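Please consult the sequence and the structure shown here alongside the text.

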Amino acid sequence: MGRTALLVFVQVPEILSIIYIRMPTMQQDTLRRVLLEAVSVLALYHPGAVIDSLLQKQLPMDSGTVELWRVLGRKFFVQQLLRALMEKLERSGNDQPRSSSAEAEADDGQAALEPLKITRAIGEVVSTQQTPEAVQRLLPELLPVLLKQISATLGKEMPFSQVSTRGKLFLKGHTSDDNPCRLSLETLEVVLRTSLEEKWLRLLRKQGAWAALEDPRAHHDGVCLLTGVLLRAGTVSLPVVLVLTQWLEAPSSNLRVMAAAFFAELMKDPAAQARRCLQPVLGALVEKARDPSSTVRQMAAHGLGNAVSGAPEKLRKRKGAVLAALRRGLEDASAEVVAESLLALAKVVDELRGKAVGSAFKDIARATRAFFDAACQGALRLCAPLLELRRVRQGIAVGTRLSAAELQDAVCSLLAQESREHQQRLYVAARRCFLEGCAELRAAALDVAGVLVEHAGTEWLPGPEATLLAAALRALRGDGDARVQQAAARLLRDSGLEGAAGAAEPQ
């Protein structure tokens with residue numbers, strides 16, 4: 001390090017420290033402006049040293065530090081300042097391994113705080129811009145940097161060991177600085193508020209994009225919402241696409257989720273295809289259908305379905321690979337991946353008009369049936385805690401290993417034993433389906449009525465109702481579906497209504 005550089009390195013922090021100490025007591029406007037102008041001049045000639053010195057301040061930033069960042073932001077070298085901060089943010093380590101020694105842990109804590117300080121500084125600098133031009137020019141660089149920071153802080157906690165006691169008290173519940181992901185999101189919001197029309201910010205708020213982006217469980221949905229708005233606002237450029245393409249292969253699952261969700265939404269935009277933004281994306285999404293992260297696989301399936309509207313020609317060229325990826329998705333262990341694959345297949349098969357599906361149709365139909373059997377069971381178990389009937393609630397809870405048919409039998413038998421009121425309501429619901437157009441539904445309704453009769457008999461049925469049931473079962477013995485015929489004959493025999501009088505028509 002040369003002598004001049006060494007002098008700068010030593011003197012700039014000292015000068016800034018003196019100014020910083022004097023600021024709270026310097027209330028006279030003229031003298032205060034002189035101090036702030038001195039900081040601007042210092043930054044003009046020694047920007048790196050000034051930035052480094054300001055970043056040494058602890059989080060949360062006090063009013064003096066915030067004011068100094070804003071002073072720098074109002075000056076003509078704002079682009080130089082933002083680029084310097086972005087470079088520092090890119091170099092800072094968000095996921096560095098934590099060491100065991102106390103000294104190493106302290107260093108790791110400081111390293112974890114550094115990107116948060118830089119992110120907050122970017123927000124303060126951008127907030128001073130009165131016109132959008134400077135920030136708009138930097139958007140292709142700002143967006144990826146901030147999105148990466150959001151990904152890195154998702155689900156993380158503030159490293160409080162590196163915050164002063166006073167700072168901890170201030171952070172707790174009083175500022176977004178106690179949530180590193182929210183701090184990153186607020187900086188992105190400031191950037192977008194400065195560079196986009198207000199209608200796009202309103203749309204993001206109305207859709208709940210910010211809350212979704214902060215929630216690890218809904219983050220991918222938030223990325224899709226954000227990407228959709230950015231596309232409509234015309235701010236997604238090729239440089240942004242190229243950076244996020246690299247994230248598809250990142251070690252961090254959060255980064256892969258963000259990239260996959262971004263491209264899933266991008267795939268349905270024909271304008272992106274016209275700009276050749278989607279050239280490598282379809283193949284990448286096919287590969288991501290095998291990703292270790294189920295959320296990445298879900299977003300890959302979502303993107304392949306969206307290719308129907310955004311890149312139909314590319315879809316037709318790679319139809320074999322796309323169909324194979326979505327068929328694998330039907331056998332996935334994650335219900336979300338299966339559901340997304342089904343939705344995507346519906347779009348893709350419709351676009352291909354059945355071509356190239358061929359013998360795969362039976363596999364798709366079989367997997368679809370299996371999925372809906374298991375989705376129904378999952379929905380029933382989710383609703384079980386809301387049931388007032390304790391025995392039914394417990395029966396659903398312990399029947400986790402039952403098949404769909406076995407679970408149906410168990411629940412219906414428990415309902416049949418509850419009370420006459422429940423027996424009557426269950427019977428009425430089943431009888432309404434006896435003459436429905438779908439044979440599967442008629443057969444299922446007869447099965448439900450059979451369970452009811454098995455556990456409760458028919459004595460509780462009024463005479464006219466028993467006559468109607470007998471007439472309906474006789475009619476269903478002549479149904480065009482063999483399964484319905486058998487179920488009707490079995491129920492007529494088991495119920496003891498085979499010789500019931502009356503020729504009333506079923507209702």
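**Salt bridges and helix packing**

The structure holds 18 salt bridges, a salt bridge being a side-chain nitrogen of Lys or Arg within 4 Å of a carboxyl oxygen of Asp or Glu. The model is predicted, so local features need pLDDT of at least 70 and side-chain atom pairs count only at pLDDT 80 or more, while totals for chains, interfaces and linings use all residues. Residues are numbered from 1 along each chain as its sequence is written, and side-chain values use heavy atoms, with hydrogens and water left out.

- Asp52 pairs with Lys88 in a salt bridge whose closest N and O atoms are 2.6 Å apart.
- Asp52 belongs to helix α3 (residues 47-54) and Lys88 to helix α5 (residues 78-91), so the pair ties together parts that are 36 residues apart in sequence; helices (H or I, at least four residues) are DSSP runs, numbered from the N terminus.
- Asp52 is partly exposed, with a relative accessible area of 34%, whereas Lys88 counts as buried at 16% (buried means under 20% relative accessible area, exposed over 50%, partly exposed in between, with a 1.4 Å probe and protein chains only).

- Arg442 forms a salt bridge with Asp479, with the closest N and O atoms 2.9 Å apart.
- This pair links distant parts of the chain, 37 residues apart: Arg442 is in helix α25 (residues 439-456), and Asp479 is in the loop between α26 (463-476) and α27 (482-494).
- Both Arg442 and Asp479 are buried.
- Arg483 forms a salt bridge with Asp447, the closest N and O atoms being 3.1 Å apart.
- Because Arg483 lies in helix α27 and Asp447 in helix α25, the pair ties together parts that are 36 residues apart in sequence.
- Arg483 is partly exposed at 39% relative accessibility, and Asp447 is partly exposed at 23%.

**Packing of α16 and α17**

- Helix α16 (residues 281-288) packs against helix α17 (residues 294-310) at an angle of about 140 degrees, with their axes 8 Å apart.
- Contact (heavy atoms within 4.5 Å) is made by Leu282, Leu285, Val286 and Lys288 of α16 and by Val296, Arg297, Ala300, Gly303, Leu304 and Ala307 of α17.

Key. Axes fitted to C-alpha atoms, helices over the stretch in contact; angles between N-to-C directions. Helix = DSSP H or I, 4+ residues; strand = E, 2+ residues; numbered from the N terminus.
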